[in-house]
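Please examine the protein shown here with its sequence beside you. The questions below are meant to be worked through one at a time.

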Amino acid sequence: MTIRSDRPVPPWTLAVAAMISVQLGAALSVGLVESVGPGGAAWMRLMAGAGMFIAFFRPRLSSVRRQDLPGLIGLGVATGLTSIALLAAIERIPLGSAIAIQFLGPLTVAAVRAHSKRAIAWPLLALMGVVLVTQPWQNTIDFAGVVFAAFAGLGWGIYIVLTQHVGGRFDGIRGLSFTIPIAAITAAAFGIPQAAGSITLPGIAAALGLAALVPVIPCALDLIVLRRMKPTAFGTLMALEPAIALVLGLLILNQVPKTMQLIGILIVVVAAVGAQGEGESHLAA
């Protein structure tokens with residue numbers, strides 16, 4: 001006897017799946033980064049992802065209106081640069097630390113959208129958590145890694161805003177068949193010089209597999225989720241991202257966090273939930 005259910009998949013499950021995919025892809029990309037550099041790894045992943053989107057959706061340039069171009073180009077460039085910056089960060093600092101720093105970007109977006117002076121307290125609280133994660137009073141901090149993670153946070157904030165914009169202009173996930181190729185072209189400027197002479201068949205195979213984890217699955221799921229879930233609820237779920245990164249960094253990369261770092265990531269998670277709650281209460285007022 002077959003049991004059928006017409007209930008749609010809850011959007012929160014798609015959001016969590018996207019986060020796990022992103023962090024799993026980041027953790028598993030470390031080997032490729034060692035071979036071709038962060039720019040090369042980002043470029044190879046995005047090239048493979050672009051090929052998948054083009055093969056599945058066969059985008060037609062004639063379907064793009066002139067007013068769509070700024071959003072498509074902006075999202076593509078943001079995706080490409082964010083991918084490079086994050087891989088450059090995790091090359092230098094632990095995955096959990098990089099994601100905690102990167103999370104300042106979405107938190108700031110949430111605070112700005114709340115249109116409340118009180119909401120600024122949440123990014124400041126998250127910054128306190130990041131200080132505990134990075135522990136700058138120790139001489140072991142890699143400042144370049146922190147800067148790359150912060151730049152990735154800026155890109156992530158822009159990515160969220162533009163993903164909602166592009167998702168509202170294209171049916172399904174067709175818009176990604178334009179933005180991911182743009183991201184690949186953006187990454188090529190840094191990736192080709194880094195990867196030149198180091199590309200191997202195993203590396204290409206790894207990039208193809210990693211492309212499914214990042215960008216194909218999470219970008220597609222994010223676009224679907226942001227149509228079905230309030231931005232505040234989506235942002236609250238995203239608070240899980242630093243914790244997911246911490247767990248995967250431990251399980252896959254054997255990056256054991258210190259007690260102070262665990263407390264710092266917990267503070268970042270609390271700040272994320274608070275920032276989204278602030279936005280929700282403002283909307284209800």
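The following questions and answers concern a predicted model.

Q: What is the volume of the largest cavity?
A: Rolling a probe the size of a water molecule over the atoms shows where empty space is left. In this model the count comes to one cavity of 30 Å³ or more. The volume of the largest cavity is about 450 Å³.

Q: Which residues are the closest to the centre of the largest cavity?
A: The lining of the largest cavity is made up of 26 residues. Several helices each supply at least two residues of this lining, among them helix H1 (11-28), helix H7 (143-167) and helix H9 (201-228). The residues closest to the centre of the cavity are Val22, Trp156, Tyr159, Val214 and Asp222.

Q: How many residues of the lining of the largest cavity are nonpolar, polar and charged?
A: Ala, Val, Leu, Ile, Met, Phe, Trp, Tyr, Cys and Pro count as nonpolar, and Asp, Glu, Lys and Arg count as charged. With the lining residues sorted in this way, the division is 18 nonpolar, five polar and three charged.

Q: Which peptide bond is cis, with omega near 20°, and in which helix is Pro215 found?
A: The cis peptide bond, with omega near 20°, runs from Val214 to Pro215. Val214 is also one of the residues closest to the centre of the largest cavity. Pro215 is found in helix H9.

Q: Is Ala111 buried or exposed?
A: Ala111 lies in helix H5, which covers residues 104-114. Buried means under 20% relative accessible area. Because the relative accessibility of Ala111 is 3%, this residue counts as buried.

Q: Which residues does Ala111 touch, not counting residues up to four places away in sequence?
A: Ala111 and Trp122 are 11 residues apart in sequence, and their C-alpha atoms are 7.3 Å apart in space. Contact, however, means heavy atoms within 4.5 Å. Leaving out residues up to four places away in sequence, Ala111 touches Ala119, Ile120 and Pro123.

Q: Is Arg58 buried or exposed?
A: Arg58 lies in the loop between H2 and H3. Its phi is near 45°, a positive value in a residue other than glycine. Exposed means over 50% relative accessible area. Because Arg58 has 69% relative accessibility, the residue counts as exposed.

Q: Is Gln135 buried or exposed?
A: Gln135 is found in the loop between helix H6 (121-134) and H7. Although Gln135 is not a glycine, it has a positive phi of about 50°. The relative accessibility of Gln135 is 6%, and therefore this residue counts as buried.

Q: With which residue does Arg65 form a salt bridge?
A: Side chains of opposite charge can pair when their charged atoms come close. Arg65 counts as partly exposed because its relative accessibility is 39%. Asp68 has a relative accessible area of 2%, so Asp68 is buried. The closest N and O atoms of the pair are 3.1 Å apart, and the salt-bridge partner of Arg65 is Asp68.

Q: How far apart are the closest N and O atoms in the salt bridge of Glu91 with Arg92?
A: The count of salt bridges in the model comes to two. Glu91 counts as partly exposed because its relative accessibility is 41%, and Arg92 counts as partly exposed because its relative accessibility is 35%. In the salt bridge that Glu91 forms with Arg92, the distance between the closest N and O atoms is 3.1 Å.

Technical notes. Residues numbered from 1 in each chain as written. Predicted model: local features only at pLDDT ≥ 70, side-chain atom pairs only at ≥ 80, totals over all residues. Heavy atoms only, no water. 1 Å grid on protein atoms, 1.4 Å probe; cavity = no way out; pocket = protein on both sides within 12 Å on 5 of 7 lines; lining within 4 Å. Points joined across faces, edges and corners; volume = space filled by probe spheres on them. Helix = DSSP H or I, 4+ residues; strand = E, 2+ residues; numbered from the N terminus. Buried < 20%, exposed > 50% of the residue type's maximum accessible area, 1.4 Å probe, protein only. Salt bridge = Lys/Arg side-chain N within 4 Å of Asp/Glu carboxyl O.
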